[in-house]
Amino acid sequence: MAGVDYLEGVDLTVDGFYERLASEPDIELTTAQPSAAAFAAAFEAAVADGANEILAIVVGSAYSGAVNSAAVAARSVQARHPTVAIDVFDSGTASFDIACAVWAAADAVAAGHDL
C-alpha cells in the first residue's frame, strides 16, 4: 500500500483495505480529494446517461478541497453542456451526515422535486 494510490471502491475494496491494514499495521495512510478531472468524468458519465440535472453532495470544504474540485468540474462540464444544471453542495461535514443528505435529496427527487 505504501506509495501506491488507490481509488476507493475501484482499486481497493473496504475489506481489502482492512486486510492490508491488518497485515501492515505500521503503514502511513493518507487521503486525497478527487481531482476536478475525476468529478468531470463522473458528471460527463451522468450526462451521457441522460441526466439534465446533477447534484454533487461533497465532503465539507472545512475538511477537504473536494468542493473546489467539484465546482471547477461543474463549470467545465456546463460549458460543454449549457442545458445541464449542476449544483455542488458543500455538506459541511465529513461523516455519516453526507449519507443523510444524499437520502434526503433522493427522497425529494422521488417526490417530484427538481434540483
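1. In these notes a residue is called buried under 20% relative accessible area, exposed over 50% and partly exposed in between, with a 1.4 Å probe and protein chains only. The model is predicted, so that local features need pLDDT of at least 70 and side-chain atom pairs count only at pLDDT 80 or more, while totals for chains, interfaces and linings use all residues. Residues are numbered from 1 along each chain as its sequence is written, and side-chain values use heavy atoms, with hydrogens and water left out.

2. The structure holds three aromatic pairs (rings of Phe, Tyr and Trp, the last by its six-membered ring, with centres within 6.5 Å; planes under 30 degrees apart are stacked, over 60 edge-to-face and the rest tilted). In one of them, the ring centres of phenylalanine 39 and phenylalanine 43 are 6.1 Å apart and the planes stand at 40 degrees, so this pair is tilted. Both phenylalanine 39 and phenylalanine 43 are buried.

3. Another pair joins phenylalanine 96 and tryptophan 103, whose ring centres are 5.5 Å apart with planes at 70 degrees, so the pair is edge-to-face. Both phenylalanine 96 and tryptophan 103 are exposed.

4. As for pockets (on a 1 Å grid over the protein atoms alone, open sets of points where a 1.4 Å probe fits, with protein on both sides within 12 Å along at least five of seven lines; lining residues have an atom within 4 Å of a point), the largest is lined by 24 residues, of which Tyr6, Glu8, Thr30, Thr31 and Ala32 lie nearest its centre.

5. The residues that line the second largest pocket include Gln33, Phe39, Ser64 and Ile98.
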